[in-house]
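Here are my notes on the model, as numbered points. Please read them with the structure open beside you.

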Amino acid sequence: MKIIVKKDYESLSNTAANIIKEEIEKKENFLLGLATGSTPIGTYKELIRFHKEEGLDFSKVVTFNLDEYLNIPYTNSNSYHYFMEENLFKHINVPKDNIHIPDGNAEDVGKFCREYDKKIEDYGGMDLQILGIGENGHIAFNEPDDELYLGTHIAGLTESTIKANSRFFDSIDEVPKKAITMGIGSIMKSKKILLLANGEKKAPMIAELLKQEKVSTKIPASFLLLHPDVVVILDEAAAKDYLKEV
Ligand SMILES: N[C@@H]1[C@@H](O)[C@H](O)[C@@H](COP(=O)(O)O)O[C@@H]1O
């Protein structure tokens with residue numbers, strides 16, 4: 001793992017966006033894996049700025065999102081469809097047909113999940129996956145458990161994730177309890193992974209993750225330690241406990 005610590009959220013976001021830009025410019029039909037949550041918003045803002053000010057072209061980029069709540073209307077501002085449209089897609093020139101987000105309202109969700117991973121493979125595999133991390137070490141909606149799924153699947157959210165995500169909803173009761181998520185295997189197949197974390201709430205988990213000597217399904221992000229090309233970008237607040245130990 002390559003670990004980069006930046007002073008603040010702005011420079012973290014700028015660094016992440018620069019890496020993504022460099023990768024996109026290297027290859028036609030680039031497969032970009034996108035994440036939601038508050039962490040990547042600054043990175044998306046920078047990518048939008050690169051598009052508007054420097055002509056960064058998304059017309060040949062194909063995107064796949066990590067996850068989506070189950071049975072949430074896409075007009076709901078908490079749906080990941082809505083989030084992506086507002087925070088990225090409507091500001092750049094990625095063709096609608098190139099955008100893929102798990103369909104939490106699919107008639108046959110199981111079939112949808114199986115086809116989602118196949119689609120990524122048919123396109124030639126993910127080139128770069130952006131990831132945030134939950135305070136409990138989850139990535140996408142792969143929550144700590146005795147076993148983890150490899151492929152895209154329906155996942156139950158843990159109490160701690162429901163609580164963490166309730167900050168976006170009017171009340172905790174409105175947070176969906178289930179989601180579609182890419183599995184650990186789908187994520188690990190990406191050629192390159194960017195893991196982003198900011199803010200001191202993430203500091204204990206980042207320290208825990210980076211000192212791991214074993215992989216554990218209790219810390220789903222620990223599987224990233226097996227991947228040959230992961231760049232972890234932190235701000236000083238998220239790196240604080242880790243830096244205390246090195
Ligand atoms: N499913 C998402 C994850 O993909 C995200 O990485 C995580 C952290 O969110 P945030 O970036 O808001 O801290 O929470 C959510 O549950």
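1. Seven strands form an open sheet in the order β1-β10-β9-β6-β2-β3-β5, and their pairing is parallel. Two strands count as paired if DSSP finds at least two bridges between them. Strands (E, at least two residues) and helices (H or I, at least four) are DSSP runs, numbered from the N terminus. At the edges stand β1 (2-6) and β5 (99-100); each has a single partner strand, so one side of each has no neighbour in the sheet.

2. Within this sheet, strand β2 (residues 31-34) runs parallel to β6 and is joined to it by two bridges. Glycine 33 has glutamine 129 in β6 as its bridge partner.

3. This is a predicted model, in which local features need pLDDT of at least 70 and side-chain atom pairs count only at pLDDT 80 or more, while totals for chains, interfaces and linings use all residues. Residues are numbered from 1 along each chain as its sequence is written, and side-chain values use heavy atoms, with hydrogens and water left out. The protein chain has an average pLDDT (the predictor's confidence in each residue, from 0 to 100) of 96, and 100% of the residues score at least 70. For the complex, the predictor gives an ipTM of 0.96 and a pTM of 0.96.

4. UniProt, in an unreviewed entry, lists residues 10-224 as "domain: Glucosamine/galactosamine-6-phosphate isomerase". UniProt positions are given in the numbering used here, feature names are shortened, and annotations may be inferred rather than shown by experiment. Over residues 10-224 the chain is 34% helix and 14% strand, with 25 Å between the end C-alpha atoms.

5. Which residues touch the most other members of the largest nonpolar core? They are Leu32, Tyr44, Ile130, Ile187, Leu224 and Ile233, in a core of 70 residues. Helix α1 (residues 9-26) gives the most to this core, namely six residues. Another core, of ten residues, lies apart from it and includes Phe141, Ile162, Val175 and Ala179. A nonpolar core is a set of buried Ala, Val, Leu, Ile, Met, Phe, Trp, Tyr and Cys residues joined through side-chain atoms within 4.5 Å. Buried means under 20% relative accessible area, exposed over 50%, and partly exposed in between (1.4 Å probe, protein chains only). In soluble globular proteins, nonpolar side chains tend to be buried together.

6. Leucine 224 is in contact (heavy atoms within 4.5 Å) with residues including Met1, Leu131, Ile187 and Val230, leaving aside neighbours within four places in sequence.

7. The "active site" annotation in the unreviewed UniProt entry covers Asp67, Asn136, His138 and Glu143. Aspartate 67 sits in strand β4 (residues 67-69) and counts as buried because its relative accessibility is 4%. Not counting residues up to four places away in sequence, aspartate 67 touches Thr36, Tyr80 and Phe141, among others.

8. Is asparagine 136 buried or exposed? Asparagine 136 is buried, with a relative accessible area of 16%, and its place is in the loop between β6 (128-131) and β7 (153-156). Among the residues it touches, not counting those up to four places away in sequence, is Glu143.

9. Alanine 207 belongs to helix α7 (residues 203-210) and is buried, with a relative accessible area of 5%.
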